Amino acid sequence: MPEPLLHLQNIDAGYGHVAVLHDVTMSVAEGKIVAVLGRNGAGKSTLTKAISGLIPLSAGEITLAGERLDGRSPVSIAGAGLQYVVEGHRVFRAQTVRANLDIGLYKQPLDKEARSARRDHALELFPELSTRLNDVAGSLSGGQQQMLAIAQALVREPRMILVDEPSLGLAPVVIERVFSALVALRDLGVTILLVEQIVERTLQIADYGYVLRGGRVAAMGEPAELRTSPALQEAYMGNSAGGAAAGARP
Ligand SMILES: Nc1ncnc2c1ncn2[C@@H]1O[C@H](COP(=O)(O)OP(=O)(O)OP(=O)(O)O)[C@@H](O)[C@H]1O
Ligand SMILES: [Mg+2]
């Protein structure tokens, strides 16, 4: 088996004295969509924050193409080719679509033409944004804001993106649009770690998946295996605590 692009080895992480992730080991093969499923409070966002360097590990190691990521700053991790798309389609609402894309290019040593080419390239998958470059991001629909958040990561031409719950707050038809863009992106060669709470649609586009429960890996496997896994059903039933502090959103 080739070396995975992203590898997490026995990681623990949390917030100060609050331990959330326990002994998490995961691999993401290059060119794949790997899903991390789990109900609210399972530790999914904590996992994305630990990978992207926003919170430190208390144990374990993270590597990208064999290079250590843990202990590095978020900027350095992004520079290594891993872009993080945070939960809740966060964009700068008062800024234009173009300005939001340029924020993704902040401090990149590119001239005007190169910036414009990066923007065009990032928007290839999202034609609905190309006509909105001069509009403020706050005037976009929730789905378009999620697409903009993804496009903002793509202007950096990352090797891999980490997308935290892109379906959050979106109508099913819009989720469909965003997920089909993620498939197109994977087909263009961008590796994706997709953190989601919605199970079936995520398993339809994933090549491999992990289930988090109480901050631990409760199951892993190909989508077909996971669908029938009792651990997946259990992870979505009852109290999610099982180790992590219960902090589910209503
Ligand atoms: N800043 C924080 N300080 C302390 N505890 C936190 C913090 N953020 C999250 N937690 C706790 O960590 C646990 C996991 O939260 P996390 O946000 O990772 O879950 P999640 O799987 O992303 O859930 P959701 O589906 O609601 O986004 C919860 O018990 C939560 O209360
Ligand atoms: Mg979350």
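Strand β3 (residues 33–37) is joined by five bridges to strand β8 (residues 191–196), and the two run parallel. Strands here are DSSP runs of E with at least two residues, helices are runs of H or I with at least four, and both are numbered from the N terminus. Two strands pair if DSSP finds at least two bridges between them.

This is a predicted model, in which local features need pLDDT of at least 70 and side-chain atom pairs count only at pLDDT 80 or more. Residues are numbered from 1 along each chain as its sequence is written.

Five of the five residues of β3 are buried, so the strand is largely enclosed by the rest of the structure. Buried means under 20% relative accessible area, with a 1.4 Å probe and protein chains only. Ile-33, Ala-35 and Leu-37 lie on one side of β3, with Val-34 and Val-36 on the other.

Now to the metal. Ser-45 (OG) and Glu-87 (OE) coordinate the magnesium ion (ligand 2) at 2.0 to 2.1 Å. Ser-45 belongs to helix α1 (residues 44–51) and Glu-87 to the loop between β6 (82–85) and α3 (97–104), so the pair ties together parts 42 residues apart in sequence. Donors are N, O and S atoms within 2.8 Å of the metal (3.2 Å for Na, K and Ca); water is not among the atoms, so sites may look incomplete. Both Ser-45 and Glu-87 are buried.

Finally, helix α6 is mostly covered, with 12 of its 13 residues buried.

Methods
Chains lettered and ligands numbered in written order. Heavy atoms only, no water. Buried < 20%, exposed > 50% of the residue type's maximum accessible area, 1.4 Å probe, protein only.
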